[in-house]
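These notebook entries record what I looked up in one structure, element by element. I set them down in the order in which I consulted them.

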Amino acid sequence: MAKNKTTETESSVTDFINAVEDVTKRNDSFELVKIMQKESGFEPRMWGPGIIGFGSYHYKYDSGHEGDAPLVAFSPRKAAISLYCYATTENKEELLSKLGKHKASKGCIYIKKLTDIDTEILRKIILFSIENLIKLYPPQ
């Protein structure tokens, strides 16, 4: 079985964010750390070389594939900031419709900058995401 590439590391979150070239993305990243840390209750940790995650859960699929992943996370990518939130919540469409300027896929929300979105709605999405993941994959 293949090993997961995105695993928790000991790399410095602050050093990673300070290396982000785009000043707006860098400042937004520090703000996202505050938001996700407050809502999750977990310290930020690097996952792989480019994802900042909070907390973790262990998943196991019917296929037998299993691993660990952050409960919520983000990455300041070049094109957009990727917000990794478990998106299949009861209120998903309603919350996303109120979020502001974004694009979404099953597990990601893409934003250009924090001022494009309502951070209070983001906080609700983070809480729903964590709640759903804990129900789906209860801590052992």
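Entry 1, a term and a first residue. I take contact to mean heavy atoms within 4.5 Å. The model I am reading is predicted. Leaving aside neighbours within four places in sequence, I looked up leucine 99 and found it in contact with Ile109, Asp116, Ile117, Asp118, Ile121, Leu122 and Ile125.

I next turned to the largest nonpolar core, which has 32 residues. Ile52, Phe74, Leu83, Leu99, Leu122 and Ile125 touch the most other members. Which helix gives the most to this core? I noted that α4 does, with six residues.

At the start of α4, a side-chain oxygen of aspartate 118 comes within 2.9 Å of the backbone nitrogen of glutamate 120.

I found six strands in the order β1-β2-β5-β6-β8-β7, with antiparallel pairing. β1 (44-47) and β7 (103-104) stand at the edges with a single partner strand each, so one side of each has no neighbour in the sheet. β1 is joined to β2 (residues 51-54) by four bridges, and the two run antiparallel. In this pair, methionine 46 stands opposite isoleucine 52 in β2. I then saw that α2 packs on the sheet, where it touches β1, β2, β5 and β6. The direction of α2 makes about 175° with that of β5.

Is serine 75 buried or exposed? With a relative accessible area of 1%, serine 75 is buried, because buried means under 20%. Its side chain reaches the backbone oxygen of glycine 50 at 2.5 Å. Neighbours within four places in sequence aside, I listed Gly50, Ile51, Ala80, Ile81, Ser82 and Tyr84 as contacts of serine 75.

The 18 residues of α2 should span 26 Å at 1.5 Å a residue, and I read 25 Å between its end C-alpha atoms, which agrees. Among its buried residues are Leu32, Val33, Ile35 and Met36, and also Lys25, Asp28 and Glu39. The cover over the buried residues of α2 includes α1 (13-18), β1, β2, β5, β6 and α4. Aspartate 22 caps the N-terminal end of α2, with a side-chain oxygen 3.0 Å from the backbone nitrogen of threonine 24. After α2 comes glycine 41, and its phi is positive, near 80°.

β3 and β4 form a hairpin with five residues between them. Glycine 64, in the turn, has a positive phi of about 100°. I noted four bridges between β3 and β4, which run antiparallel, and lysine 60 stands opposite glutamate 66 in β4. Along β4 (residues 66-69) the side chains alternate.

Note on methods: Residues are numbered from 1 along each chain as its sequence is written. This is a predicted model: local features need pLDDT of at least 70, side-chain atom pairs count only at pLDDT 80 or more; totals for chains, interfaces and linings use all residues. Side-chain values use heavy atoms; hydrogens and water are left out. A polar contact is a pair of N or O atoms within 3.5 Å; within protein, one must be able to donate a hydrogen and the other to accept it, and residues adjacent in sequence count only if both atoms are side-chain atoms. Buried means under 20% relative accessible area, exposed over 50%, partly exposed in between (1.4 Å probe, protein chains only). Two strands pair if DSSP finds at least two bridges between them. Axes are lines fitted to C-alpha atoms, for helices over the stretch in contact, and angles run from 0 to 180 degrees between N-to-C directions. A nonpolar core is a set of buried Ala, Val, Leu, Ile, Met, Phe, Trp, Tyr and Cys residues joined through side-chain atoms within 4.5 Å. The expected span of a helix is 1.5 Å times one less than its number of residues.
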